[in-house]
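Dear colleague,

Please find below the structure that I am handing over to you. My notes on the packing of its helices follow it.

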Amino acid sequence: MKSDRSGYSALCSSALLCQRCGYDLRGLDAAGRCPECNAPISAALHGEQVEFADPQWLQRLAKGSRCVKTGGWSLALVCGTWLVPLKWLDVPSPLRIALGAVAVASVVFFLCLGIWYLGEPDPRTKDREPTLSHRRLFRSMFAAVPLTLVMSLVLLRTAGPAAFCVTQLLGAPIGLVGMVMIWAYGTYMQWLATRVGVSLAVTRARDYRNAYTFSWLLFAPAVFASWLTGGHPICLCGAFIAGIGMLAFGVLLLSLPTYIADGLQRASAAAIWNWSAPDDKAAEAERMRNVTAENSSGGDCH
Ligand SMILES: [Zn+2]
């Protein structure tokens with residue numbers, strides 16, 4: 001089996017793969033069902049067309065995009081209600097900590113759940129996917145997000161020479177891994193938006209990903225130069241500007257699933273229809289005709 005990406009897509013397009021289990025259906029009757037999982041073979045004829053993909057897979061993706069959306073709103077809530085107003089209102093410290101902990105926990109919970117669902121593999125091509133695919137790298141953020149949070153908390157609690165050494169040693173490799181994951185996320189979102197057919201999300205995913213990467217490529221050497229020069233103002237200023245860029249484009253990247261949430265929902269409804277048996281379809285079409293006829297006879301007063 002070829003492992004490079006172009007070989008992978010060529011392999012998938014030359015085969016007639018079942019939308020639910022990836023079984024090669026070449027030579028079978030198009031009106032029949034997959035011998036492995038009973039999915040309609042007619043759906044497989046449409047290949048990459050998202051309206052014919054496995055409805056369950058699409059529903060999980062739609063659920064994932066809604067979870068990330070909720071996580072994003074929780075994050076905005078953390079920043080909005082915890083960091084700013086409560087500080088001004090001088091809310092007692094333990095209450096602030098408790099509220100903050102709940103808010104942060106809900107952000108992590110919804111983001112991780114969203115990442116997990118959004119990273120669900122397409123069952124059609126799951127077995128043929130390269131080991132280090134963008135989707136796999138993105139889905140590993142499911143573990144990386146809480147791990148980074150815990151590590152940051154531990155380092156903050158144990159501020160001292162040991163924590164300083166750990167930060168110095170692990171900071172760069174962790175930052176690099178994080179960068180690769182975020183790149184993979186942007187690329188995966190671009191692919192998903194292309195499949196769902198939301199062109200605005202396709203261009204935004206590409207632009208935000210590139211802008212984030214550019215900011216990171218400025219940030220990393222600026223931090224290193226500040227460390228080498230003992231905090232030279234130009235280096236510090238560069239690191240600050242690049243850091244703001246990373247933060248801004250990071251938030252924009254987080255907003256990407258909201259662009260495709262509706263598209264995924266529509267695609268999953270279309271896929272349910274496309275997968276239904278011909279008899280069910282005829283009955284549903286008949287029902288819709290009756291509803292339309294009733295509406296036009298009852299509502300038309302001219
Ligand atoms: Zn199948």
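In what follows, axes are lines fitted to C-alpha atoms, for helices over the stretch in contact, and angles run from 0 to 180 degrees between N-to-C directions. Helices (H or I, at least four residues) are DSSP runs, numbered from the N terminus. This is a predicted model, in which local features need pLDDT of at least 70 and side-chain atom pairs count only at pLDDT 80 or more, while totals for chains, interfaces and linings use all residues. Residues are numbered from 1 along each chain as its sequence is written.

I begin with α8 and α9. Their axes are 8 Å apart and the helices pack at an angle of about 170 degrees. The two are therefore roughly antiparallel (an angle over 145 degrees). Their crossing is left-handed, meaning that the near helix is turned anticlockwise from the far one by less than a right angle. Residues in contact (C-beta atoms, placed from the backbone, within 7 Å) include Trp 183 and Met 189 of α8 and Tyr 208 and Trp 216 of α9. By class, this contact divides into 12 nonpolar, six polar and two charged residues. Here Ala, Val, Leu, Ile, Met, Phe, Trp, Tyr, Cys and Pro count as nonpolar, Asp, Glu, Lys and Arg as charged, and the others, Gly among them, as polar.

Helix α9 (residues 199–228) also meets α11 (residues 256–275): their axes come within 9 Å and cross at roughly 160 degrees. That makes α9 roughly antiparallel to α11. On the α9 side the contact is made by Leu 200, Ala 201, Arg 204 and Ala 205, and on the α11 side by Leu 256, Tyr 259 and Ile 260. Six of these residues are nonpolar, none is polar and one is charged.

The axes of α8 and α11 come within 10 Å and cross at roughly 35 degrees. Leu 256, Tyr 259 and Ile 260 of α11 take part here too, and among their partners on α8 are Leu 192 and Val 196.

With kind regards

How values were computed
Angles under 35 degrees count as roughly parallel, over 145 as roughly antiparallel, 65 to 115 as roughly perpendicular and the rest as oblique. Two residues are in contact if their C-beta atoms, placed from the backbone, lie within 7 Å.
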